[in-house]
Amino acid sequence: SKRIQKSKLPHMAEVFAALPQCFILFKPKDIVSGDFYFFQYKNNRAFIPAADCTGHGVPGSLMSMICSEKLNDALAQSNNVSDILSLTNKGIKTSLRQTGSDESTRDGMDIAFCALNLYGKTVEYAGANRPLWIIKKDRNDVEELKATKKAIGGLTEEDQHFEAHKLNLQEG
């Protein structure tokens with residue numbers, strides 16, 4: 001199961017080709033994990049989400065596989081970070097047959113989703129219960145962009161909107 005889940009993570013060579021000065025910290029608590037990261041480069045933009053699915057170990061890893069696939073499907077339909085999260089929400093709710101009934105599962109994920117324009121030096125961000133932290137060189141404070149206070153999947157509305165933010169990047 002670890003080998004299968006690892007195969008869904010992006011190849012480091014692909015990430016470093018687009019972002020040579022980046023790093024990825026991924027330390028699963030168990031052999032398999034409900035956390036995952038994702039990378040896709042298209043239209044001069046690097047799409048970089050980090051996600052935390054409900055559950056740990058095997059249940060969490062099943063959710064991460066479903067959520068990763070639904071995120072990939074959403075990226076095929078849109079380049080807008082807010083729309084991608086909304087489409088992913090719909091996909092997970094459909095996949096898990098989630099409705100408003102008491103029998104419905106509440107599983108889903110929290111996610112911070114960034115689209116980095118490498119040429120325009122901008123980043124677009126949308127989050128579901130996961131903020132974006134900005135750390136600047138030679139500063140001791142951390143800026144935080146707030147996430148939408150709703151998860152992906154679970155008890156969210158079918159047409160849930162996730163607020164998007166756009167930032168201009170600067171050296172450092």
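By class, how many nonpolar, polar and charged residues does the lining of the largest pocket have? Keep that in mind while you get set up.

You're looking at a predicted model, where local features need pLDDT of at least 70, side-chain atom pairs count only at pLDDT 80 or more, and totals for chains, interfaces and linings use all residues. Numbering runs from 1 along each chain as its sequence is written, and side-chain values use heavy atoms, with hydrogens and water left out.

**Stop 1: the pocket.** Select Phe23, Ile48, Cys114, Leu132 and Trp133, which lie nearest the centre of the largest pocket among its 46 lining residues. (A pocket, on a 1 Å grid over the protein atoms alone, is an open set of points where a 1.4 Å probe fits, with protein on both sides within 12 Å along at least five of seven lines; lining residues have an atom within 4 Å of a point.) The space inside is about 2,300 Å³, taken as the volume filled by probe spheres set on grid points joined across faces, edges and corners. Now the count: 31 nonpolar, 6 polar and 9 charged. Here Ala, Val, Leu, Ile, Met, Phe, Trp, Tyr, Cys and Pro are nonpolar, Asp, Glu, Lys and Arg charged, and the others, Gly among them, polar. Colour β3 next: β3 gives the most to this lining, with 5 residues. (Strands are DSSP E runs of at least two residues, helices H or I runs of at least four, numbered from the N terminus.)

**Stop 2: the core.** Select Phe36, Met109, Ile111, Phe113 and Ile152, the residues with the most contacts inside the largest nonpolar core, a set of 24. (Such a core joins buried Ala, Val, Leu, Ile, Met, Phe, Trp, Tyr and Cys through side-chain atoms within 4.5 Å; buried is under 20% relative accessible area, exposed over 50%, partly exposed in between, with a 1.4 Å probe and protein chains only.) Zoom in on Phe113: its contacts (heavy atoms within 4.5 Å) beyond four places in sequence include Phe47, Leu71, Ile84 and Tyr125.

**Stop 3: the cysteines.** Searching the whole structure turns up 0 disulfides, meaning pairs of cysteine sulfur atoms within 2.5 Å. For Cys67, the nearest cysteine sulfur belongs to Cys53, 3.7 Å away, and Cys67 is buried at 0% relative accessibility. From Cys22, go 13 Å to the sulfur of Cys114; Cys22 is partly exposed at 23%.

**Stop 4: Phe26.** Finish in the loop between α2 (12–18) and β1, where Phe26 sits, partly exposed at 29%. Leaving aside neighbours within four places, Phe26 touches Leu9, Ser33, Asp35, Phe36 and Tyr37.
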